[in-house]
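Trainee: I am new to this structure. May I ask on what grounds its parts are described as they are?

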Amino acid sequence: MLAHLPILQVILPFLAAPICLILRKPKLAWLFALIVSAAALAVSGLLLQQVYAGGVISYELGGWAPPWGIEYRIDLLNAYVLLVVSSLATIVLLGAHTSVQKEIEAHKQTWFYSLYLLCFAGLLGIVATGDAFNVFVFLEISSLSTYALIALGRDRRALWAAYQYLIMGTIGATFILIGIGFLYMMTGTLNMNDLAMRIDAVESTTTVLAAFGFIVVGTSLKLALFPLHLWLPNAYTYAPSMVTAFIAATATKVAVYVLIRFLFTIFGESYSFGRHPLAEILIPLAIIGLLSASTVSISQPLIKRMLAYSSVAQIGYIVLGIGMGSALGLTASLLHVFNHAMMKGGLFLALAAVTYRMGGSEIGHMRGLARTMPLTFWAFVLGGLSLIGVPLTVGFVSKWYLILAAIELGWWPIVIVVLVGSLLAVLYVGRVVETGWFGEPEKPGRNEAPPSLLIPLWILIAANFYFGIDTRLTIGVAENAAAWLMGGGSGL
Amino acid sequence: MSANLALILALIVPLVGTVVIALLGRWPNIREAATMITAISLFACVIRVLIGYTSGEAIGIEVVTLYEGLSISFNTEPLSILFAMIASGLWIVTSVYAVGYMRGAGEKNQTRFFTCFALSIFAAMGVAFSANLLTLFIFYEVLTLATFPLVTHKGDDKAKAGGRTYLGILMSTSILFLLPAIIWVYALTGTLDFAQGGILAGTIGPAASTVLLALFLFGVAKAAVMPVHSWLPAAMVAPTPVSALLHAVAVVKAGVFTLIKVVIYIFGTEFLIDVPLESIAVYIAGFTIVAASSIALMQTNIKRLLAYSTISQLSYIVMATMALAPFSEVGAAMHIAAHAFGKITLFFAAGAIYVAAKKTEVGQLNGIGRRMPITMAAFAIGALSMIGVPPTAGFVSKWFIIAGAYQLENYFVLAVMVVVTALNAAYFLPIIFNAFFKPEDQAPAKPHGEAPWTMVAALATTAALTLLFFLFNEPVLELEYSIVGGKS
Amino acid sequence: MLLFLLIVTAFAIAYTKDLFAVVMLAGIYGLLSASFFVALDAVDVAFTEAAVGAGISPLLMLATLGLTGRFQTQTKSRFYLLGFALVVLVGALLMIGTADMPAFGSVDAPAQQHVAPRYIEKSYEEIAIPNVVTSVLASYRGFDTLGEVAVIFTAGLGVLSLLSISRKEEEKEGGVASMYEHTILRIVSKILIPAMLIFALYVQFHGEYGPGGGFQAGVIFAAAIILYSILFGLDVAKRVVNESVLQILAALGLLLYGSVGVVTMLSGKNFLDYNALAEDPGTGQHIGIIVIELGVGITVAAVMILIFFAFSRRMDREGGA
């Protein structure tokens, strides 16, 4: 079975989804989904180990060698992202049953788990594949299931949010498809490795230029780079709490992966940054997004929306690292992919707990949380510290690398921007903490969240600190992956 | 027990104490006992470290390495020991005082109070013994966060507003000035470790050094140099034991301690002497001294007066450090101790007056010396120390500061010291006079005597220390000489 | 000529406010595209486009119209100019992209040089079926097709979760007004529907030899059932094809496809390597392709019918028709 790990990674949740549809009871569906997710998590762990020890893994689907057939190609970069996605999916699923009971109508709950697994499989499929068109197919799967999941939210505005995301997401996906089509037109292949080798010959054509443009814009839409982020706040706010926790931690990261894969592996660093003013476009947009989103989040009454804008800001950090075009910058971005998943996953799970007990997650619901739900409150505080970037948390590690990368290039203003971002984070996190600490709750008395929600929450928060102190895994993988990508690593 | 172990314990003991105290909420007496035990054990550990240091034992721990040149490590040198001893020693006294105060004033949430107190001392120990700027920064921030619940203890709107100013100024200066300064140092040298003679020599030019120095000066807002000083008066909404230990001793001394460490062990005095614009720092500190004392003159609330007095006295230390003369450096270190003893006495007295007589304003103190002789006597001793008159501790440190100024013919410093002595006299002496020699305005509704015995005992002890320091300061002097003598 | 008509139709769709007309225009667009593809000699694609774009899509959209109303409400868009500018920009970028593109139909184009020739040359040898499109779709790139079936499944699931109402509420309804009274329609359909169903089966299994395959077959099959449902009433149709059975079928089709891959894995070869299914690779490929296409057809048919039922049921509740 070990040889089949790459495909098992995707097939497990993929085939589990229709099975969930057949299982009638929500509890059974949840249990089944949880077991499958855990299995997928185990697979991703094993894959990372294998890649670390033995180098790139290639799996031929249908037994056809690439580029005739579709290839699954696992290198350090995607093994890492696979781990992030599967761990978040499993941890969030731990608490899903409890949260979903209150937020989704009873007869729709089985479909929820089916859609969740489809989204999970879709995300995994995007990451694991070595074929450009295959990326698009699984992008469709994950996107469609996400739209449906968001629309399951209680609030009527969830429908509008899902619709908005659908329109913008489809445009993004279509752009990516057009780009892939152009690339096929000029190289005759869809295999990523093959494309990387063949693009050199046709680099200077306008078709490849157009392809580059479409793909960058398309992925930027999906990863919510300013100003293409407009779909994100509504989508995160009105979706069911567990959906937000899952997609906030994973969906945009996978889009980042796609961008990195195209920029560094397929087009190559010298083309992407050398021939085009990519850095000059990405960096200002990242900075504006970072600062404006952080500022806007300070005044949001809905805490979910506040965290959504915070996510846009965090994505700004990631794109900032990519835009710098250096190994250190790329390392910082890769680190933040992992770290932000831990941070935001934890914070949104805390909100899920608050919604479960308090009926909502507006600033008013957070009043006096320190006394009514202390475990949840302190988890939120600790997650907030990670968001700010306090040393000993994962947030610090990625910000530190970003600062190092900026110093290496001598771009001091960027250091200031990162620090101002942290200060703004202090403000918006501080607002919630202040309300939770000083406010008077509507119904005083301990009303802590149930263990099923607290356990996944604290797992993620603990991870924030564990990986903030023992950084060998994350830094080790990120640095190696970045170095390899910058070297134009492909096919070796 | 080896000195290294003592160092580790000096950090762990208050941390464990925090947890234990938090859990003992339901049994107040046992909880108070826990605080006392923790305080005494901590002091014992620090003494052991002192002994180990003076006998030449090697002391240092590295807890975790986060990155090349970035680690969380601890070690000792004369300044750290001084600061640690003052903070831990005075914690014992303050704990006794605090018990009396909290029970006398009927304060709520006492467990939270004592827990955060222990946590703050933990943070102070971390600052004291840090071996590099990263460790110092982390514990510096923990100190801010740990003292926040103490500042906002009352929970009313005034407390919240005060808390917001407190946190706002301290956090923004840390993130916008101090952090960039630290990052800059790292970018220049690849390390953040404190070292004899400084680490910046040869890596940075004079103009940039001035900017870096300014970043540190205003980034370490706990040293309360103007204009980043307003958090101190705002913090006076806290209960008095908090103001006494933390805002007279631990927090503010952490600030000046940081500045002195940076000047001596990051920049290096030799290096700074060659930076022409360095004297601007002296002028800023000098300005703070005079301005703060002038504002103190106009205050009617006792605690606010003491707060501005603190700001002024802290800048004695800053100015003396920035003067870069060997004697003034020693004077700065001595003043850390002297001011601590004097100010804590003054705050203790103010708190006793509040608990016993419910009075908070300077104008209400006529004739109170007859009802509370011990308290006011202690107050007088503290005030004399602030003015800098023998036989008090304040005289000793002032002597060295002036000697240092004289050494380098720094007439600005001399002038400032003269002016501020006059100002201090102007606002302290009338209070003492009125307390003892003026009749009471009106008899109090309920006749009162001294405050609860625990509070009186505490303030008497610190007043005594103020006097004793005048007489027995040799050991401290020896210790601090070694900083400027060079080798440690 | 066809291109010009396509552009005209596209503009018409964007500007017309009468949604019924828009749906019909969309159908025409689909038909035009299909003809376009025929002109390019891509008959499989044309077939699918005709079935989906001109067949089932307008049908489902008409069902939606029953819910939303016929006319588009006037919305004053503030961003009209911005939207227009963006479209122009994208169009320009697309055209820039085509500037360096290889000449239309050129033999030297990269797309004709690298992967494609191999498919053409080796397909019969390796897969032993005449239709190269099917061999690419179902074998060489069979994994993509699995993904696309999942997309359809997801879409169905999405519609269900959005539009469905709980079991208890459903039992309270009555039937839908049917078009039972239209005698001509009724009689003609009674002849046509069985023919459609058989044709669907033919397309399903003949896909290896000519244009056809699971997608087209599924769509045609669904169209037949939908026609029946429109004419004879929703609850009658539901008695013929039970809804929960449909849900299970939708899942089963996808599972069937996937399990072929699982079986090949367990037989020691890679996922979806049909050579593992029989001694002789050619037979193995045959078996593999037939089974997966069946899976595709089942899921596609089930999902299309489910979607239609979901819309119609909603329509009953709203009272419209």
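This is a predicted model: local features need pLDDT of at least 70, side-chain atom pairs count only at pLDDT 80 or more; totals for chains, interfaces and linings use all residues.

Trainee: How do you know that the radius of gyration of chain A agrees with that of a compact globule?

Mentor: The radius is taken over C-alpha atoms, and the globule rule is 2.2 Å times the number of residues to the power 0.38. For 492 residues a compact globule would have a radius near 23 Å; chain A has 21 Å, and therefore the two agree. The C-alpha trace of chain A spans about 70 × 55 × 40 Å along its principal axes.

Trainee: What makes up the secondary structure of chain A?

Mentor: Chain A has 20 helices and two strands. Helices (H or I, at least four residues) and strands (E, at least two) are DSSP runs, numbered from the N terminus.

Trainee: Why is I150(A) called buried?

Mentor: A residue is buried if 20 or more other C-beta atoms lie within 10 Å of its own, exposed if 12 or fewer, and partly exposed in between, with C-beta atoms placed from the backbone. I150(A) has 27 C-beta neighbours inside 10 Å, so it counts as buried. This residue lies in helix 5 of chain A. Of the 492 residues of chain A, 69% count as buried.

Trainee: Which residues does I150(A) contact, leaving aside its neighbours within four places in sequence?

Mentor: Two residues are in contact if their C-beta atoms, placed from the backbone, lie within 7 Å. On that basis the partners of I150(A) include A158(A), Y165(A), Y238(A) and V243(A). The C-alpha atoms of I150(A) and S241(A) are 9.6 Å apart, although 91 residues separate them along the chain.

Trainee: Which residues of helix 7 of chain A are buried, and what covers them?

Mentor: In helix 7 (residues 192–202) of chain A, the buried residues are M192(A), N193(A), D194(A), L195(A), A196(A) and I199(A). Their cover includes strand 2 (71–74), helix 5, helix 6, helix 8 and helix 10 (241–266) of chain A.

Trainee: How many residues join chain A to chain C, and what is their class on the side of chain A?

Mentor: In this contact, 53 residues of chain A meet 51 residues of chain C. Helix 5 of chain A gives the most to the side of chain A that touches chain C, with eleven residues. That side has 33 nonpolar, 16 polar and four charged residues. Ala, Val, Leu, Ile, Met, Phe, Trp, Tyr, Cys and Pro count as nonpolar, Asp, Glu, Lys and Arg as charged, and the others, Gly among them, as polar.

Trainee: What does chain A give to its contact with chain B?

Mentor: Chain A gives 13 residues and chain B 15 residues. Helix 18 of chain A supplies the largest share of the side of chain A that touches chain B, seven residues. By class, this side has eleven nonpolar, two polar and no charged residues.

Trainee: Where does helix 6 of chain C bend?

Mentor: Helix 6 (residues 115–127) of chain C bends by about 45° at E121(C). The bend is the angle between axes fitted to the seven residues ending there and the seven starting there. A128(C), whose phi is positive, near 65°, follows this helix.

Methods
Residues are numbered from 1 along each chain as its sequence is written. Chains are lettered from A and ligands numbered from 1 in the order in which they are written.
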